[in-house]
Amino acid sequence: MLELDSQVQYVKGVGPARAEALAAKGITSVEDLLCYMPFRYEDRSNPRRIADLRPGEMATLIAEVRNSALFRTRRMPIFEMTVGELGDRRPPEFGKSPPATIKCLWFNATYLKDRFKPGQVLALYGKVEQDKRRPDRLQLMQPQVEVLSEGEEGEEALAQSLEIGRIVPIYEGMGKGMLTSRGLRRVIRTALESVNPAIAETIPEAVRKRLGLIPRSQAFWRVHWPEPDEPLSNLQACRSAAHIRLIFEELFFLQLGLELKRRSLRERPGISFRLDDPVREALKRILPFKPTAAQKKVLGEIAADMRQPVPMRRLLQGDVGSGKTIVAFQAAIIAIENGYQVALMAPTEILAAQHYLSARSILEKAGYRIVLL
């Protein structure tokens, strides 16, 4: 039996080679694998029949490859494939309706040339459109496609498949074909079935009850294998009960980590800057204009923080031209008048040069030395 901290290579179907592809995505443990979320879902619980399709709708088909070919035009290569109803391989007969088929088209898709073979069973998802050349026929333009089985032996296997008859999670593949979306489904399913069911809770029970969060083990199952009655819209928007539980957990520990970091910073000794009359006079000397009420308010808050013997953590927010820079210069003067140097950091070289020129014009005349590093 696997534990959440077991190495992912020990999940059946992974092994060393696939473990390397997973590690490139930051997945090294079983827990990492279970936290690898689908980026969307397909409702394959009720695949459509080709004969029932209508132009303009999004549809999922489980169909069989009839033929395919790559056509080269002046503008671009076009890959065309015809698929038919699963199991309906009867030849056309005079006086009877032909077997239902639909054409699928991909532009600039030379990479698909040798991918599909007659008899393969595919899951196709895309928008149904009317064929402009033959208005009586329908087509799928650049549908998403996944190979479900190879040849005739696939039909019986599909009855027991993880691929149809349910809402199916779709994952981003990895490792240049090492693990496709279908492969990830099977590996994640195996991990869920193999992991110790006594998954420890990570969120306090009181918090879970107050917010109505489902257990962690249940969230892992339902995010990867949704319940049949789960609205597809909730899954696509990541608003299912399973998504909400796992999203809250991530944010909960992010906030917890930030709070622990804040507490550790508050425990570190800081500099207690004096704010006496000489410092106040220095602040007045550098002002090129009368400060606004908002500027006075925020400078008072910053000065109060700087007088405390702990590090200050503060965000000053304001529109362009509201005077944030002059407030920063005033905070710098408090430190300089206390005998310290000050570094004003900027995210770009251009902005650093602009601040340097502003600081020279405002501070140098008051006797402060300004340099650009």
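**Figure 1. Asn108 is partly exposed, with a relative accessible area of 49%.** The view comes from a predicted model. Asn108 sits in the loop that joins β4 (101–107) and β5 (121–130). Its phi is positive, about 50 degrees, although Asn108 is not a glycine. Most residues other than glycine have a negative phi.

**Figure 2. Gln142 lies in the loop between β6 (138–141) and β7 (144–149).** Here too phi is positive: the value for Gln142 is near 50 degrees, and the residue is not a glycine.

**Figure 3. The largest nonpolar core holds 32 residues.** Which of its members touch the most other members? They are Val11, Leu22, Leu33 and Leu34. Five helices each supply at least two residues of this core: α1 (15–23), α2 (30–34), α4 (181–194), α6 (216–224) and α8 (241–267). The largest share, 5 residues, comes from α4. In soluble globular proteins, nonpolar side chains tend to be buried together.

**Figure 4. Leu22 is one of the core residues that touch the most other members.** Leaving aside residues up to four places away in sequence, Leu22 touches Val8, Val14, Ile27, Leu33, Met174, Leu179 and Leu184. One of these partners, Leu33, is likewise among the core residues with the most touching members.

**Figure 5. Ala23 is a residue of helix α1.** With a relative accessibility of 41%, Ala23 counts as partly exposed. Where does Ala23 stand relative to Val8? The two are 15 residues apart in sequence, and their C-alpha atoms are 8.9 Å apart in space. Val8 is also among the residues that Leu22 touches.

Figure 6. Along its principal axes, the C-alpha trace spans about 105 × 60 × 40 Å. Buried residues make up 38% of the 373 residues. Of the contacts with a separation of 6 or more, 65% join residues 24 or more positions apart. The chain exposes about 22,700 Å², and carbon and sulfur atoms supply 53% of that area. There are 56 positive and 45 negative side chains, and the centres of the two sets lie 7 Å apart.

Technical notes. Residues numbered from 1 in each chain as written. Predicted model: local features only at pLDDT ≥ 70, side-chain atom pairs only at ≥ 80, totals over all residues. Heavy atoms only, no water. Core = buried A, V, L, I, M, F, W, Y, C linked by side-chain atoms within 4.5 Å. Buried < 20%, exposed > 50% of the residue type's maximum accessible area, 1.4 Å probe, protein only. Helix = DSSP H or I, 4+ residues; strand = E, 2+ residues; numbered from the N terminus. Contact = heavy atoms within 4.5 Å. Areas by Shrake-Rupley, 256 points an atom, 1.4 Å probe, with all protein chains shown as cover. Lys, Arg positive; Asp, Glu negative; His and termini not counted. Charge placed at Lys NZ, Arg CZ, Asp CG, Glu CD.
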